[in-house]
Amino acid sequence: PLIDARLRYEHVDQDGIADSADAVTLRIRSGVQASTGPFSALVEAEGNIPFTTSYNDGFNGRPTPLVVDPGNIELNRAQLSYADKGLKLTAGRQVLDFADQRFVGPAAWRQNEQTFDAVRVQYAGLGGLKGLTVDAAYSWSVRTVNGIQGTPARPQSVGGDNYFGIIGYATPIGTLSGFAYLVDQDSATLSGFRLSSQ
């Protein structure tokens, strides 16, 4: 069984808006995970319960600063995985977290998690090199933090052909990595290199 709950109070006082926002919300995630040998399956639901309605959640039109934590209940994750000998394959609705969420991640600050309908391949020790890792995913739908109340301006999901990839090599002074994120919604491409210390 899987269970996670987070009660949060958030206060926002924004210049240019007369009223401040106070949001008290409770997020609950529950589900089940089962595995046998190298295979595993996971199903998880997510709900967000607002205890106050005096903040602008993006849908209620309140004249306060925006706190994008609307009431919600949805299927958060439903995935199948295979992991063996340094290789991990995951397919289904899942959390993608690349490079500490710098550009691609679950938007963990918000109560509703951003997930991806995707296929992901992770491999460590590629070509017999222990320090070499590959992490690549293809996503056809991004499930946003807006939840089931999504509108065209704040959609529940955004479809497209999204390719994310990182190749890394661990060195004595840190990990050298190259990445490419190809996102079709904005016709944008982001790529580069970085060295991060461990």
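1. S5 and S6 run antiparallel and are joined by eight bridges; strands count as paired here when DSSP finds at least two bridges between them. Leu 89 stands opposite Val 121 in S6. Strands are DSSP runs of E, at least two residues long, numbered from the N terminus.

2. A word on provenance: this is a predicted model, where local features need pLDDT of at least 70 and side-chain atom pairs count only at pLDDT 80 or more, while totals for chains, interfaces and linings use all residues. Residues are numbered from 1 along each chain as its sequence is written, and side-chain values use heavy atoms, with hydrogens and water left out.

3. On its other pairing, S5 goes with strand S4 (residues 72-84), antiparallel over seven bridges. Leu 80 has Ala 91 in S5 as its bridge partner. The S4-S5 hairpin has two residues between the strands, and Lys 85 takes a positive phi near 50° there.

4. Now the rings. Phe, Tyr and Trp (six-membered ring) pair if their centres lie within 6.5 Å, with planes under 30 degrees apart called stacked, over 60 edge-to-face and the rest tilted. That rule gives 10 aromatic pairs. Take Phe 98 and Tyr 181: the centres are 6.2 Å apart and the planes at 70°, so this one is edge-to-face. Phe 98 sits in the loop between S5 (87-94) and S6 (115-124) and Tyr 181 in S9 (residues 174-183), so the pair ties together parts 83 residues apart in sequence.

5. How buried are those two? Buried means under 20% relative accessible area, exposed over 50%, partly exposed in between (1.4 Å probe, protein chains only). Phe 98 comes out at 0% and Tyr 181 at 4%, so both labels are "buried". Tyr 181 also makes an edge-to-face pair with Phe 164, at 6.0 Å centre to centre and 70° between the planes. Phe 164 lies in strand S8 (residues 157-171), 17 residues from Tyr 181.

6. Phe 98 has a charged neighbour too: the charged end of Arg 120 sits over its ring, 4.7 Å from the centre. The criterion is NZ of Lys or CZ of Arg within 6 Å of the ring centre and within 35 degrees of the ring normal.

7. The largest nonpolar core has 12 residues, including Phe 98, Phe 164 and Tyr 181. Such a core is a set of buried Ala, Val, Leu, Ile, Met, Phe, Trp, Tyr and Cys residues joined through side-chain atoms within 4.5 Å. S6, S7 (132-143), S8 and S9 each give two or more residues to this core.

Methods: Helices (H or I, at least four residues) and strands (E, at least two) are DSSP runs, numbered from the N terminus.
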